[in-house]
Amino acid sequence: MSRKLIIVASILFVLCPICSFAQDVSVSLPRYSVVLNDSKVDNAHSKYPLVVYKGITYFPMTFYQCRFMGIESKWTNEDGLEINKSGVIGEYRPELIKSKNNRTYTASIADFNIKVNAKSVDNSNEEYPLLVFNNVTYFPMTWKFAVDEFGWDYKFDSKKGLYIKSRNLEVKKLELPYKDEYSNLCMYNGYYYYVANIKNKKYVYSAKVDNVKKTSKLYYLKGDYLSGVYFFKQDEGIYFTYHLGSASMGSDYTYKINKDNAVEYVTSGFSDYIKYKDRIICYDYGPLVSHGNLYYEEEDYKREYIGNKDYKYGRYGSSIKIIGDDMYVTAYKPDSNNDENKIYKINMNTNEMKQLSSIEAHEFYIADDKIYFKSDNDKKLYSMGLNGENQSVVIDGDVGWFKIDNDIIYYISDKTEEIFYKKIGQEPKLLMKKQKVVGIDLRSDYIICELRDKEDYGIVVFDKNQNVVFKTSDKVDSYWNDGDYIIYNTYDTNNNYRVKLK
């Protein structure tokens with residue numbers, strides 16, 4: 001068999017109903033099996049089965065199959081169909097029907113504008129033209145398309161059938177026993193940590209990364225009105241927190257998982273905490289919390305207040321940072337006429353509290369001995385020294401969320417929700433076009449962007465040179481980054497996946 005006539009798969013796209021088509025052609029179902037990225041296709045019950053035309057295998061890539069194979073498709077009335085190799089990742093979602101498919105069908109030759117990787121395709125002169133069947137475009141994968149355009153690997157065996165593998169990052173599905181759908185999943189130091197729901201009782205479990213069937217029960221989550229459990233990393237360790245009881249009268253509980261997988265109680269209440277030397281500093285949060293909510297937690301629930309207890313700290317979240325013996329924190333005085341949140345510095349030895357700026361501050365970050373903060377009043381990003389000196393405007397408005405990574409500022413536009421990045425001394429640049437971002441997570445080697453539900457992707461990961469290294473079209477409920485690994489849970493199918501970024 002020549003390279004040109006090698007049997008390969010095709011790529012799909014659901015067509016707009018106004019498109020017109022050329023003559024009808026007869027197609028048949030293949031008499032051999034087909035495997036895509038190690039997933040066997042149930043062609044007999046597929047809503048969009050593979051077909052054979054002129055001795056070449058065609059198969060449909062619906063929205064999900066297309067992205068499963070690392071391809072993205074786009075249709076507009078003006079430009080027609082565009083298919084591009086993008087390296088996107090999507091889970092395999094076979095669309096099956098109860099009845100068995102026929103052996104032969106009638107398809108049509110597509111008669112509309114087509115582009116593959118920005119190059120026009122003259123379908124009227126193609127030896128193996130694109131077909132339309134069941135309102136889906138079927139793309140013929142000869143060597144030209146399968147290898148040269150999409151970079152796929154494939155092989156055909158008369159006994160084993162057709163095997164096609166895309167070259168986007170390989171995703172591994174994690175089959176964790178009894179995984180609870182309301183809690184996130186984390187990976188750390190050779191283990192997965194998750195919540196197992198066994199006969200309506202919930203437990204914190206660990207499972208070996210190299211053998212998920214080797215599990216250990218670490219902690220029983222007892223009590224009524226138990227919320228989902230959230231795992232997080234702090235101080236080079238793994239913690240988990242959950243809420244027990246009603247929303248107003250209940251309490252949050254936080255525990256640490258030690259290196260030997262023993263579980264240690266940390267704190268409870270509506271509070272977050274930060275460590276300073278060998279002590280734990282707590283700050284209470286929530287709508288019912290009053291002033292004096294920043295303190296050392298002592299034995300027998302006694303409190304040693306930090307700063308001025310007439311103030312309320314962390315109005316918009318835990319903006320607390322300790323450098324040496326100085327704490328930087330947002331605070332305001334509830335009973336004052338001027339109740340705007342501002343940045344303060346507290347000396348941990350003397351408890352002296354100093355206001356650093358008169359500008360309202362929603363949140364702040366410290367990088368390279370500078371404090372960067374955003375004002376909700378004017379949406380500007382400011383910077384100043386650690387003592388409040390040399391205050392200046394860094395970005396003149398339209399700043400939503402922001403994060404600092406060395407000399408680069410990443411921020412979400414308050415107006416469009418697109419993500420930008422700005423190197424110090426340079427103009428802002430758009431990181432990702434026409435995608436609304438709700439969160440930015442900076443890790444040692446990666447920038448992780450979480451997108452809104454209706455956008456093209458669930459999460460997109462960039463390297464520190466602003467290059468895309470991973471993106472998934474699946475809607476992501478939660479994710480976790482551990483070194484070069486990303487693990488994530490899909491929102492609608494509740495499946496867990498792991499991918500290695502490099």
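Trainee: What does Asn-351 count as, going by its relative accessibility?

Mentor: Asn-351 counts as partly exposed, at 33% relative accessibility. Buried means under 20% relative accessible area, exposed means over 50%, and partly exposed is in between (1.4 Å probe, protein chains only).

Trainee: What kind of model is this, and how are the residues numbered?

Mentor: It is a predicted model, where local features need pLDDT of at least 70 and side-chain atom pairs count only at pLDDT 80 or more, while totals for chains, interfaces and linings use all residues. Residues are numbered from 1 along each chain as its sequence is written, and side-chain values use heavy atoms, with hydrogens and water left out.

Trainee: Back to Asn-351. Where does Asn-351 sit?

Mentor: Asn-351 is in the loop between β32 (342–347) and β33 (353–355). Helices (H or I, at least four residues) and strands (E, at least two) are DSSP runs, numbered from the N terminus.

Trainee: What is the phi of Asn-351?

Mentor: About 65 degrees, a positive value, although Asn-351 is not a glycine. Glu-417, another residue other than glycine, also has a positive phi, near 65 degrees. Glu-417 lies in the loop between β39 (408–413) and β40 (419–423).

Trainee: How many helices and strands does the chain have?

Mentor: The chain has 2 helices and 48 strands. Of its 502 residues, 52% count as buried. The C-alpha trace spans about 85 × 55 × 35 Å along its principal axes.

Trainee: What share of the contacts comes from residues 24 or more positions apart?

Mentor: Those residues account for 44% of the contacts in the chain with a separation of 6 or more. Contact means heavy atoms within 4.5 Å.

Trainee: Pick one residue. Is Thr-330 buried or exposed?

Mentor: Thr-330 is buried, because its relative accessible area is 0%. Thr-330 belongs to strand β31 (residues 326–332).

Trainee: Which residues is Thr-330 in contact with?

Mentor: Leaving aside neighbours within four places in sequence, the contacts of Thr-330 include Lys-312, Tyr-313, Gly-314, Asn-341 and Phe-364. With Asn-341, Thr-330 makes a side-chain to side-chain polar contact at 3.4 Å. A polar contact is a pair of N or O atoms within 3.5 Å; within protein, one must be able to donate a hydrogen and the other to accept it, and residues adjacent in sequence count only if both atoms are side-chain atoms.

Trainee: New topic, sheets. In what order do β21, β22, β23 and β24 stand?

Mentor: The order is β21-β22-β23-β24, in an open sheet of 4 strands with antiparallel pairing. Because β21 (230–234) and β24 (263–269) are at the edges with a single partner strand each, one side of each is left without a neighbour in the sheet. Two strands pair if DSSP finds at least two bridges between them.

Trainee: Over how many bridges do β22 and β23 pair?

Mentor: Strand β22 (residues 237–244) and strand β23 (residues 251–257) pair over 7 bridges, in the antiparallel sense.

Trainee: How far is Asn-258 from Phe-112?

Mentor: Their C-alpha atoms are separated by 61 Å, and the two residues are 146 residues apart along the chain.

Trainee: How do β44 and β45 pair?

Mentor: Strand β44 (residues 459–463) pairs with β45 in the antiparallel sense over 4 bridges. Val-460 has Lys-471 in β45 as its bridge partner.

Trainee: Last one. What do β7 and β8 form?

Mentor: A hairpin, with 3 residues between the two strands. β7 and β8 run antiparallel and are joined by 6 bridges. Lys-74 stands opposite Glu-82 in β8.
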